[in-house]
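Here is a short briefing to read with the model open beside you.

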Amino acid sequence: MNSTHLWYKNAVFYQVYVRAFYDRNGDGHGDLIGLTQKLGYLKDLGIDCLWLMPIYPSPLLDDGYDIADFYNIHPDYGTLQDFKQLISSAHERGIRIITDLVLNHTSDQHNWFLEARKGKDNPYHDYYVWRDDDQDYSEARIIFLDIEESNWAWDDNAHQYYWHRFYASQPDLNYDNSSVRQEMLKVAKFWLDLGVDGFRADAVPYLFERDGTNCENLPETHAYLKELRQFIDRNYPGRILLCEANQWPEEVREYFGEGDEFHMGFHFPLMPRIFMALCKEEISPIVWVLEKTPPIPENTQWTTFLRNHDELTLEMVTEEERQWMWQHYAPLPRMRLNLGIRRRLAPLLDNHRGKIELAFSLLFSLPGSPIIYYGDEIGMGDDIWLEDRNGVRTPMQWDNSPAAGFSPADPERLYAPIISNSEFNPQKVNVTNQTNDPGSLLSSIKKMITLRKSFQSFGWGEFEWAFDTKQTQSKPIAAFYRSYLDEKLLIIQNLSSQALTAEIPLSSSSISLNEILGKSSNALINNHTLSIDLQPFDYHWFQVKSF
């Protein structure tokens, strides 16, 4: 494969909720023209690729993941022409754009489903999965246990049950129908022809159903996804597929195939264990999950994240760990949702600057390409009193004005209220103030991104712990090497709330260490050992040179 087609290996991604980013026309909703005007901010931050959440026409019962038309733009966001302009302007700045490709289901307001409901004789009826009773696929789990009682829903018009893995308003497509398989390739082609650089493919484990299985990760699903990959490689080389499969690493590994299925895959189990490690002040949760992570093909990459638009999912933890996480990170019932936590990064970490920076240091230095959720780079807060996941989808805070610089509209006309909490309101947290402050969180994140992109070891390199992780004295210290060709980095991070001195074994004393973040460090090399004094939640990135 052409190395330029592997751009995603060393890229920094940024997740944008268009409705929340910048409202250009003053209707209280963020729009594509507004996002286009903020590309300079994202370029300055160091972003290589934007992931846009769904922008399609939709009744918005699931914030756009219930798609009513795969071939258009929701009027709140603008027009197809606005989207073309966004793509063109982003590409001029060297920023790529991927969009959500929702393969598994449609809205029940999609024309295909409206036609399908008319009965078995309608050609669209077989676009969905229907039964005369609700007994099939009984081993499939219910994903939204707090809302749905079954994966089957009765339709009064068709006089049959239809299958849905998510909300009842999102009927699953029938991938046993070759017309559906071809239709979704046409959807991909439409957006690729407009210039998108790939897709974050939503909820891919559930495309096919088979009795006697849990209807997840089936061979038929992998076969279709390989077909989609072949279609993209053949016609649009250099575009990517990012897999959203909230599964264990060994299961997600299957979605990489032999480098011929997905280019990238979210590492869901790593995310909660970063928070576990920070709370326990020990590295064992991260060690454990990385040991469970199998090697992947050289032309693929893990995608890592701290937070996103959904709840902080706790599906990939034990029941005991879930209760522990709820106790420490979501003590109020209102902070919990489904099997997760509906809070943003800064509130989760007590708005503690040291913890927040340390979390980003882990994100940027562990294996994988990182995704930043909009607003986390300035430490935005959340609103747990909004319904569902809306508390982590509030307007971006650009300045300290009443509408936070998000919109010229009056604040009461906005799609969601501006954060009013005294700790996180726009007077305390906004882009303008932090841009002008070299000591701000935003400035620290920019520096980390710049350095991450300057060293290929982060995106391409091998990962190796710097010591025996079973040693008791090393528990609070996350120290590891990232190396690629003749480049070698030593990352040292103190997960403890206490100052301490770390002793890191070295293979040789004939080396020099250059702290690339520009932070001062009290480090001494003696007899094949690095001794370094660390402040609470301290982190250092060293370039290792032999002499």
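D376 sits in the loop that runs between strand 14 (369–373) and helix 14 (431–435); helices (H or I, at least four residues) and strands (E, at least two) are DSSP runs, numbered from the N terminus. This is a predicted model, in which local features need pLDDT of at least 70 and side-chain atom pairs count only at pLDDT 80 or more, while totals for chains, interfaces and linings use all residues. Residues are numbered from 1 along each chain as its sequence is written, and side-chain values use heavy atoms, with hydrogens and water left out.

**D376**
- D376 is buried, because its relative accessible area is 4% (buried means under 20%, exposed over 50%, partly exposed in between, with a 1.4 Å probe and protein chains only).
- Not counting residues up to four places away in sequence, D376 touches R307, R344, L345, F360 and L441 (contact means heavy atoms within 4.5 Å).

**Y415**
- Y415 also lies in the loop between strand 14 and helix 14.
- With a relative accessibility of 21%, Y415 counts as partly exposed.
- Leaving aside neighbours within four places in sequence, the contacts of Y415 include Y17, R19, G28, H29 and F406.
- R393 is also among the contacts of Y415, and the side chain of Y415 reaches the backbone oxygen of R393 at 2.6 Å.
- Y415 and D197 are 218 residues apart along the chain, and their C-alpha atoms are separated by 29 Å.

**The largest cavity**
- The structure holds two cavities of 30 Å³ or more; on a 1 Å grid over the protein atoms alone, a cavity is a set of points where a 1.4 Å probe fits but cannot get out, and lining residues have an atom within 4 Å of a point.
- The largest cavity contains about 440 Å³ of space, where a volume is the space filled by probe spheres set on the points, and grid points are joined across faces, edges and corners.
- Its lining has 27 residues, of which F144, F166, E244, D310 and R389 lie nearest the centre.
- By class, 11 of the lining residues are nonpolar, eight polar and eight charged (Ala, Val, Leu, Ile, Met, Phe, Trp, Tyr, Cys and Pro count as nonpolar, Asp, Glu, Lys and Arg as charged, and the others, Gly among them, as polar).

**The second largest cavity**
- About 30 Å³ of space lies in the second largest cavity.
- D376 returns here as one of the lining residues, together with L306, R307, F360, L363, I371, I372 and Y373.
- Strand 14 gives the most to this lining, with three residues, and helix 13 (353–365) supplies at least two.
- This lining has six nonpolar, no polar and two charged residues.

Methods
Polar contact = N/O pair within 3.5 Å; in protein donor to acceptor, adjacent residues only side chain to side chain. 1 Å grid on protein atoms, 1.4 Å probe; cavity = no way out; pocket = protein on both sides within 12 Å on 5 of 7 lines; lining within 4 Å.
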